[in-house]
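We will go stop by stop.

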Amino acid sequence: MKITKPRCLSAGILFADVGCAPIDHAPVPGELVQTERVELSLGGCASNVAINLAKLEVPTGLCGCVGDDAFSDYIVSSLEHPIVDVSGVSRVANSSPGCSLIVNVRGEDRRFVSTTGANARFTMSDVPDEWTKNAEILYVGGYLMMERLETPETVEYFKSFQARGGITMLDVVLYGTRPYWDAIKPLLPYVDYFMPNDDEGRVITGLEDPVDQAKFFVDAGAKTCVITCGDKGSVYYSDTEKYRAEIFRTEFVGGTGSGDAFDAGFIAGLLDGCDSYETMKRATAQGMSCVRHGSATQSVFTKSELEEFLRGRELKVETLR
C-alpha cells in the first residue's frame, strides 16, 4: 500500500530469519540437537522497525533491497500492512535476500549465521523523493552491512535531511572483521541519535564501559548516543542529559530483534513529542516485549498493549556525572 506521507522513513537491511526454539546447548561437530520447532520469520533492522512502528500506529515508508526468490517473496508478503508503504523496496534480479540462521540456546545470547544478500545493493538514491522531503524521522538500520551506503552520498543525505528539520537515527550491524570506525566517523556529525549496543560499541571504540563508548560517539559528533546493554539496561548520553536506565523484567525466550523493537519504541516516543525519559521508557518496554518470543516481531507490543503495560510503571534511572 502507498502512503501519502510516512512519518518515519525506515531504510536498511531486510532479512528472512530461520530460527530454532531454545535448545539446551549448542551442538558440537557432528551432533544433532533436538528443538521443539524451526520457523521462518521476518528479520532485518529496517523491516523489523517498520512492522513494529505499524503496531504503534506510525505510518512508515520502508526502503531496502530483496532478491527474486521464495525467501524474498516471503519478506515482501510479511511486510503487508495498511500503514507500511513497501514501494521503496527494490527487487534485485537473480539474487537472494539477506538471510540469517539463528540458534537460540537457553540462558545464552543468540548465535547468528548470516549473509547480506541483496542488501548489499541498497543506496540512499533508492529512497523515493517524496519521502525524503516529507518524513519526520530518517532511521537507517544495519549500517555496515550495506557496502554501497558507505559513501559521501550517504553523508550528504543525512546532512540534508537534518538541515531541513528532520531527525536522523543510525543503528549498525557489525559484519565481517574490519576497522569500522572509518565508515562511521563521517556520518556522526549528522546523526541525532546513534543507537548501537554495547558489544558493537566495544568493537568500534575499543572501550569496555558503555558510558565511555557513548561519550566517544558524542565527542565525535553524534548529538545523542543511546547504547543498549541487554539485561543490564541502557545508557542515554548527550551534552545535556546523561543517565543509565534499567530494564523491565520478563521471561526471556530469545533476544532476536529486541534492539529493533527498542528503536521503534524510541521513534514513536520522539514523534509523540516525549521527553527523553518517556521516550526511553517506551523504548525499554518495547524491547522487553520482544524477548518473550524467539522471532523478531511476533510478541512486540501494539500501541494499546504498550499503554496498558506502562500504566502505573516507572523506569528506574541513575544520573551520570
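**Stop 1: Ser 72.** Select Ser 72. At 0% relative accessibility, Ser 72 counts as buried. Buried means under 20% relative accessible area, exposed means over 50%, and partly exposed lies in between (1.4 Å probe, protein chains only). This is a predicted model, in which local features need pLDDT of at least 70 and side-chain atom pairs count only at pLDDT 80 or more, while totals for chains, interfaces and linings use all residues. Residues are numbered from 1 along each chain as its sequence is written, and side-chain values use heavy atoms, with hydrogens and water left out.

Ser 72 belongs to helix H2 (residues 70–78). Helices (H or I, at least four residues) and strands (E, at least two) are DSSP runs, numbered from the N terminus. The side chains of Ser 72 and Asp 69 are joined by a polar contact of 2.7 Å. A polar contact is a pair of N or O atoms within 3.5 Å; within protein, one must be able to donate a hydrogen and the other to accept it, and residues adjacent in sequence count only if both atoms are side-chain atoms. Leaving aside neighbours within four places in sequence, Ser 72 is in contact with Val 66, Gly 67, Arg 91, Ser 96 and Pro 97. Contact means heavy atoms within 4.5 Å.

**Stop 2: Glu 39.** Select Glu 39 in strand E3 (residues 38–43). At 28% relative accessibility, Glu 39 counts as partly exposed. Glu 39 and Val 18 are 21 residues apart in sequence, yet 5.7 Å apart in space, C-alpha to C-alpha.

**Stop 3: two positive phi angles.** Select Glu 57, in the loop between helix H1 (45–55) and strand E4 (60–66). Its phi is near 65°, a positive value in a residue other than glycine. Is Glu 57 buried or exposed? Glu 57 counts as exposed, at 53% relative accessibility.

Jump to Leu 144, in the loop between strand E8 (137–143) and H4. Leu 144 is not a glycine, but has a positive phi of about 90°. Leu 144 is buried, with a relative accessible area of 2%.

**Stop 4: the aromatic pairs.** How many aromatic pairs does the structure hold? There are nine. Rings of Phe, Tyr and Trp (its six-membered ring) pair if their centres lie within 6.5 Å; planes under 30 degrees apart count as stacked, over 60 as edge-to-face and the rest as tilted.

Select Tyr 157 and Phe 161. This pair is stacked, at 6.4 Å centre to centre with 15° between the planes. Both residues lie in helix H4 (residues 152–163), four residues apart, about one turn of the helix. Tyr 157 and Phe 161 are both buried.

Next, select Phe 248 and Phe 309. Their ring centres are 5.3 Å apart and their planes stand at 85°, so the pair is edge-to-face. Phe 248 lies in the loop between strand E13 (242–245) and helix H8 (258–271), and Phe 309 in helix H10 (residues 303–310), so the pair ties together parts that are 61 residues apart in sequence. Phe 248 is buried at 9% relative accessible area; Phe 309 is buried at 13%.

The charged end of Arg 313 sits over the ring of Phe 309, 4.0 Å from its centre. A charge sits over a ring if NZ of Lys or CZ of Arg is within 6 Å of the ring centre and within 35 degrees of the ring normal.

**Stop 5: helix H7.** Select residues 210–219, which form H7. Pro 210, Val 211, Gln 213, Ala 214, Phe 217 and Val 218 are buried here. Seen down the axis of H7, its buried residues fall within an arc of 160°, so they line one face of the helix. The arc is that of the directions from the helix axis to the C-beta atoms.

Asp 209 caps the N-terminal end of H7, with a side-chain oxygen 2.8 Å from the backbone nitrogen of Val 211. Then look just after H7, where Gly 221 takes a positive phi of about 130°.

**Stop 6: the cores.** Select Tyr 143, Phe 194 and Phe 266. Of the 78 residues in the largest nonpolar core, these three touch the most other members. A nonpolar core is a set of buried Ala, Val, Leu, Ile, Met, Phe, Trp, Tyr and Cys residues joined through side-chain atoms within 4.5 Å. H8 gives the largest share of this core, seven residues. Finally, select Leu 14, Ala 46, Ala 54 and Val 89. They are among the members of a second, separate core of 14 residues.
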